[in-house]
Amino acid sequence: MGSFLTSNRAAIAAVAGLATLAGAALGTAQGPAPHECDAVGDVTAARIARVADRISEDWNERHPKHVRVVRSTRRPAVELVSGDIVSSATPVYLVSMTGRFISTNARGPRGAIKVVSGRSLSITLGTRRLDVLDLSVTNTPPKLAPLGCVTSI
């Protein structure tokens, strides 16, 4: 009888394992599939990717990595990235990417040129025209999940 229970447990474990693998292939196992959390849409994601590429090239990074976007409003997005508080409820996309970002076009006191660099670049884009509202370069990417559904693009 002991071997019967052992073989049944093994069979149940095997079936559960196969169900988990099948569910993962179908995007239903433990957590949403990547597309179930797509709050941006394919067309908008492509437009955001073009803007992100252009801005990263302006910052001397031709191949940014881990480009992620979350839809939010401006105040919590800016506060998350920089800690600054803006009194704006404008709908935005917060875009975060990693790489080596360097700009020599930043202006310091009295027009002096200074080098600004970091490993993470974050931008807030207006949702209608994808115009850049805010930009921040830091060494640590922000954790976007508290703002909502995060989409990798």
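**Entry 1: V81**

I began with V81 and found this residue in helix 3, which covers residues 74–82. I keep in mind that the model is predicted. Next I asked which residues V81 touches once those up to four places away in sequence are set aside. The list I got is L94, S122, S136 and P142. I also checked V81 against P141: the two are 60 residues apart in sequence, yet their C-alpha atoms lie 8.2 Å apart.

**Entry 2: the whole chain**

I stepped back to see the fold. I counted three helices and five strands, and reading along the sequence I wrote down α-α-β-α-β-β-β-β. The chain has 153 residues, and 34% of them are buried. For contacts between residues at least 6 apart in sequence, I noted that 58% join residues at least 24 apart. The accessible surface came out at about 9,700 Å², with 56% of that area belonging to carbon and sulfur atoms.

**Entry 3: the largest core**

How many residues does the largest nonpolar core have? I found 18, and the ones with the most contacts inside this core are I48, Y93, V95, M97, L121, I123 and L125. I then looked up which elements supply at least two residues each: they are helix 2 (42–58), strand 1 (65–73), strand 2 (91–107) and strand 3 (113–126). Helix 2 gives the largest share, with five residues. A friendly reminder to myself: in soluble globular proteins, nonpolar side chains tend to be buried together.

**Entry 4: T127**

My last stop was T127, in the loop between strand 3 and strand 4 (132–138). Is T127 buried or exposed? T127 counts as buried because its relative accessibility is 19%, and the cut-off for buried is under 20%. Which residues is T127 in contact with, leaving aside its neighbours within four places in sequence? I listed R71, P91, V92 and Y93.

Notes
Residues are numbered from 1 along each chain as its sequence is written. This is a predicted model: local features need pLDDT of at least 70, side-chain atom pairs count only at pLDDT 80 or more; totals for chains, interfaces and linings use all residues. Side-chain values use heavy atoms; hydrogens and water are left out. A nonpolar core is a set of buried Ala, Val, Leu, Ile, Met, Phe, Trp, Tyr and Cys residues joined through side-chain atoms within 4.5 Å. Buried means under 20% relative accessible area, exposed over 50%, partly exposed in between (1.4 Å probe, protein chains only). Helices (H or I, at least four residues) and strands (E, at least two) are DSSP runs, numbered from the N terminus. Contact means heavy atoms within 4.5 Å. Accessible areas come from the Shrake-Rupley method with a 1.4 Å probe; for residues, only the protein chains shown count as cover.
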